[in-house]
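Morning, everyone. I'll take you through some helix contacts and sheets today. Please have a look at the model first.

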Amino acid sequence: MVAISLTYPPSLQQDQVDTYHGVAVPDPYRWLEDPQSPASREWIEAQNRVTSAYLETLPGRQTINDRLTKIWNYERYTTPFKRGGRYFYFKNDGLQNQSVLYTLPSLEAEPTVLLDPNTLSEDGTVSLSGMAVSENGAYLAYGLSTGGSDWVEWHVRNIATGADTNDLLKWVKFSSASWTHDHQGFFYSRYDEPDESTKLEAVNYYQKLFYHRIGTPQSEDVLVYERPDEKEWGFGGDVTEDGRYLIISVWKGTDPDNLVFYKDLSQPDSPVVELISEFEASYSFVDNEGSLFWFTTDLEAPKGRLIAIDVGQPARSHWQEIIPEGDDTLEGVSILNHQFVADYLKDAYTTIRIFSLTGELVREVELPGIGSAGGFDGKPEDTETFYSFTSFTVPNTIYRYDMVTGQSTLYRQPTVDFDPSAYTTTQVFYPSQDGTRIPMFITHKKGIELNGQNPTLLYGYGGFGVSLTPSFAVSNLVWMEMGGVYAVPNLRGGGEYGEEWHLAGTKLNKQNVFDDFIAAAEWLMAEGYTSSQKLAIAGGSNGGLLVGACMTQRPDLFAAALPAVGVMDMLRFNQFTIGWAWESDYGSPQNEDEFKVLYGYSPLHNLEPGTAYPATLITTADHDDRVVPAHSFKFAAALQAAHKGDAPVLIRIETKAGHGAGKPTAKVIEEVSDKWAFLVANLGMAL
């Protein structure tokens with residue numbers, strides 16, 4: 001460990017006390033909730049000065065940065081997709097801050113640049129945040145985010161000329177775009193215009209679904225659906241493959257349960273029909289054949305199944321089950337070659353199965369190994385498609401798949417400056433505190449000794465039904481090159497084993513997630529992988545909460561902690577932007593039973609003065625309007641006040657960046673260099 005004397009900036013403690021269900025709760029750093037106030041700006045700058053001064057002293061930081069930059073510099077492609085007789089894909093030359101969208105008339109033709117976000121800002125902080133190609137391939141609707149904000153502005157580009165039209169749609173958030181088949185416009189969702197001064201903090205309610213006709217101002221957009229009596233409802237509008245229907249998925253926060261409405265676009269002024277009108281399960285529209293609609297759902301099937309509903313006979317007694325629930329978790333279904341392509345998770349890795357339209361198994365797709373596959377995009381009549389495959393040691397590789405023969409052929413394989421055969425991934429299963437069997441992937445260089453001395457990074461999430469599946473990251477590769485072990489447990493709260501697994505880590509059950517993570521750490525030590533002096537934990541967003549909760553509950557267990565953009569104040573998370581939407585996972589501090597649980601693990605409220613906490617590098621960004629930076633600001637101030645010991649407890653505040661999506665490559669490399677140098681110093685690693 002590097003011993004450096006640190007003097008933390010002063011953090012004013014105010015006499016702010018709130019009462020929840022008769023419990024008085026001090027909140028001395030409430031003033032940090034306004035990131036634009038002069039006092040907050042001064043605090044941010046002072047914290048960054050201390051953190052920067054510390055990081056600049058760390059040996060090996062530049063060496064790590066150089067290696068990250070070298071390996072990161074490889075060509076990366078996405079799977080091609082086809083619209084209107086043209087192909088489209090994204091490519092990054094290596095170190096470009098943002099990937100570039102290309103189009104080409106055939107796979108053998110020379111590609112042309114359709115949209116290069118790198119030209120939209122000098123520092124790469126304007127990113128593409130959504131896109132939709134019209135059915136005839138004539139227009140591209142695309143959304144841009146600035147500084148990582150969730151607020152997105154949509155534009156329209158003529159694909160033939162490459163020129164933008166005058167269309168501009170503002171105040172769009174949590175929305176895609178879906179074109180009508182006459183190519184004249186598209187559906188999208190937006191909020192009312194917020195107050196400019198509080199647009200990054202103010203709560204978001206009353207989303208509305210609109211239709212925009214190209215060539216007209218946004219003020220003339222047609223309101224398709226709104227619910228002034230339901231402020232928390234959001235709407236996703238998607239036009240069916242045959243162009244006849246608008247499917248409206250109604251969401252409420254982050255709860256997977258949703259409603260489904262539809263509108264017949266072939267009939268002028270047709271009403272919006274409520275097909276699924278109760279929040280009782282999740283329903284994801286797959287496709288339709290006339291009035292027969294296919295959905296994946298977890299209704300009476302926690303691991304998912306495929307059903308058919310004829311909207312001419314919508315009563316539940318007429319619903320048909322096409323693919324019943326199985327042992328593995330159904331993630332999604334598409335239709336190609338007039339067959340269902342079903343994406344399953346089997347112990348947190350991908351399995352693809354193909355079924356007939358009546359539900360008979362045709363074949364299982366032979367994938368290159370245990371990992372994550374995605375793609376299989378196309379039209380119901382297409383016999384060719386593409387998919388990507390990745391694992392902890394295999395960078396994203398693209399295959400062409402023949403739906404008739406079942407043959408995969410290599411289409412694009414990246415060249416990365418490392419030897420994958422020098423690394424190994426194993427999947428283990430360990431018992432949590434209550435005996436639940438938890439899977440965990442462990443990746444490292446071959447031939448390590450299980451002597452308890454391996455620097456180990458334990459990464460987790462555990463929430464919102466999000467599944468952590470094998471994926472390649474240059475940052476993790478460099479960590480392993482330096483001798484590190486990378487471990488990823490699939491905690492409860494995720495979606496790896498379906499909705500029951502998710503619910504087992506929510507609300508009153510949230511402690512299960514932290515217990516699972518702590519049990520993973522203890523298993524790694526018991527098996528000789530590492531020790532408490534060599535173990536670091538990391539996670540972002542809900543995973544930042546995970547790190548914050550575990551380092552406050554078991555500060556003795558970890559040498560270092562990297563909580564990123566975390567939800568740290570569990571009593572006020574629902575007061576900002578879209579935070580109210582997380583109550584489906586966290587519960588509400590306004591509910592007395594849920595308050596007791598939230599208060600019991602809220603990282604901000606469980607720091608004990610005089611405790612030696614692990615070396616901690618908190619990361620956040622000043623433009624994060626998903627998890628507002630006040631969470632990290634207040635936690636950093638409280639941690640620095642409570643901490644007793646020589647380990648550094650610092651906060652790194654990125655400017656002109658948000659929650660993480662669209663972050664420029666250069667900023668990502670800088671941040672990873674700082675994190676890894678911090679771990680090298682505080683885990684006693686030799687470079």
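Let me start with the words for angles: under 35 degrees counts as roughly parallel, over 145 as roughly antiparallel, 65 to 115 as roughly perpendicular, and the rest as oblique. Those angles run from 0 to 180 degrees between N-to-C directions, with axes fitted as lines to C-alpha atoms, for helices over the stretch in contact.

Now the ground rules. This is a predicted model, where local features need pLDDT of at least 70 and side-chain atom pairs count only at pLDDT 80 or more, while totals for chains, interfaces and linings use all residues. Residues are numbered from 1 along each chain as its sequence is written, and side-chain values use heavy atoms, leaving out hydrogens and water. Helices (H or I, at least four residues) and strands (E, at least two) are DSSP runs, numbered from the N terminus.

First pair of helices. H5 covers residues 511–526 and H6 covers 542–553. Their axes come within 10 Å and cross at roughly 70°. H5 and H6 are therefore roughly perpendicular to each other. Who touches whom? Contact here means heavy atoms within 4.5 Å. H5 brings Gln-511, Val-513, Phe-514, Phe-517 and Ile-518. H6 brings Leu-545, Leu-546, Ala-549, Cys-550 and Gln-553. By class, that is eight nonpolar, two polar and no charged residues. For the classes, Ala, Val, Leu, Ile, Met, Phe, Trp, Tyr, Cys and Pro count as nonpolar, Asp, Glu, Lys and Arg as charged, and the others, Gly among them, as polar.

Next pair: H2, residues 61–72, and H3, residues 474–481. Their axes also come within 10 Å, crossing at roughly 130°. That makes H2 oblique to H3. From H2 we have Arg-67, Leu-68, Ile-71 and Trp-72. From H3 we have Val-474, Ser-475, Leu-477, Val-478 and Glu-481. The count by class is six nonpolar, one polar and two charged residues.

On to the sheets. Strands pair if DSSP finds at least two bridges between them. Ser-391 stands opposite Val-394 in S30.

Another open sheet runs S12-S13-S14-S15, again with antiparallel pairing. S14 (208–213) pairs with S15 over three bridges. Tyr-211 has Val-222 of S15 as its bridge partner.
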